[in-house]
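Biologist: Could you put the model up and talk me through the packing and the charged pairs?
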Amino acid sequence: MGAYDAELGILVERAQRGDEDAFAEAYRLVHPGLLGYVRGLVGEDAEDVASEAWLEIARDLGRFRGDGAGFRGWTAAIARNRALDHLRRQSRRPRTSLLEQDVLELPGGHDTAAAALERLSTEQALALVRSLPRDQAEAVLLRVVVGLDGPATARVLGKRPGAVRTAGHRGLRRLAGLLAAAEPPRRRKDGT
């Protein structure tokens, strides 16, 4: 991540001076990991939550101080706050009726089989991560999907690095167990 973070740091500095192309490039570098992290927290509402986060990031960019790795951590912290706000609002919102839910889930004209297949493995992986306890899921998402190091992950989550390291290790170990349990038994060479 060293060269990536160095490039990102330069782009952020240029964006802070008003270079819109630099901001667009920084967005292109950071957004996929950030979206994966948010999707792991809020599921299908991730695009909306990530958009809210990027609005805040763009608005407050002038206040950011740090390098490329720091920028990734800062954006992850903002996205986390927006995701937690979204989850709080969602918990207070009344449930839709079954009919309303059916209408909301009608496929759009842009859905294609190829797009569904492309997203399937990512969605399955994120669903497994979402099945973890929240502290483990967030540690795994921030470390693996966003690419933050241990101290940066700890700062985003407001925890000690040792606690984040433990949560990440437990989460990865639990994911490995879930994957092993889901794997069909292998046939031996003699066909049994």
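What follows is a chat about the core and the salt bridges of this predicted model.

Biologist: Let's start inside: which residues touch the most other members of the largest nonpolar core?
Modeller: In the largest nonpolar core, which has 44 residues, those are Tyr-37, Phe-71 and Leu-142.

Biologist: And which elements give two or more residues to this core?
Modeller: The contributors at that level are helix 1 (2-16), helix 2 (20-42), helix 3 (46-60) and helix 4 (68-92), together with helix 6 (113-130), helix 7 (134-146), helix 8 (150-157) and helix 9 (161-182). The largest share comes from helix 2, which supplies 10 residues. As general background, nonpolar side chains in soluble globular proteins tend to be buried together.

Biologist: Back to Tyr-37, what does it touch, leaving out residues up to four places away in sequence?
Modeller: Tyr-37 touches Ala-76, Leu-141, Leu-142, Val-145, Val-146, Val-156 and Leu-157, and its contacts also include Arg-80 and Glu-138.

Biologist: Arg-80 and Glu-138, then: how do their side chains meet?
Modeller: They form a salt bridge, with 2.5 Å from N to O. Arg-80 belongs to helix 4 and Glu-138 to helix 7, so this pair ties together parts that are 58 residues apart in sequence.

Biologist: Are those two buried or exposed?
Modeller: Arg-80 is buried, and Glu-138 is buried as well.

Biologist: How many salt bridges are found in the whole structure?
Modeller: The search of the whole structure finds 11.

Biologist: Why does Arg-28 count as partly exposed?
Modeller: Arg-28 has a relative accessibility of 49%, and the partly exposed class runs between the buried limit of under 20% and the exposed limit of over 50%. Glu-25 also counts as partly exposed, because its relative accessibility is 24%.

Biologist: One more pair: what about Arg-63 and Asp-60?
Modeller: Arg-63 and Asp-60 form a salt bridge in which the closest N and O atoms are 2.9 Å apart. Arg-63 is exposed, with a relative accessible area of 63%, whereas Asp-60 counts as buried at 8% relative accessibility.

Conventions: Residues are numbered from 1 along each chain as its sequence is written. This is a predicted model: local features need pLDDT of at least 70, side-chain atom pairs count only at pLDDT 80 or more; totals for chains, interfaces and linings use all residues. Side-chain values use heavy atoms; hydrogens and water are left out. A nonpolar core is a set of buried Ala, Val, Leu, Ile, Met, Phe, Trp, Tyr and Cys residues joined through side-chain atoms within 4.5 Å. Buried means under 20% relative accessible area, exposed over 50%, partly exposed in between (1.4 Å probe, protein chains only). Helices (H or I, at least four residues) and strands (E, at least two) are DSSP runs, numbered from the N terminus. Contact means heavy atoms within 4.5 Å. A salt bridge is a side-chain nitrogen of Lys or Arg within 4 Å of a carboxyl oxygen of Asp or Glu.
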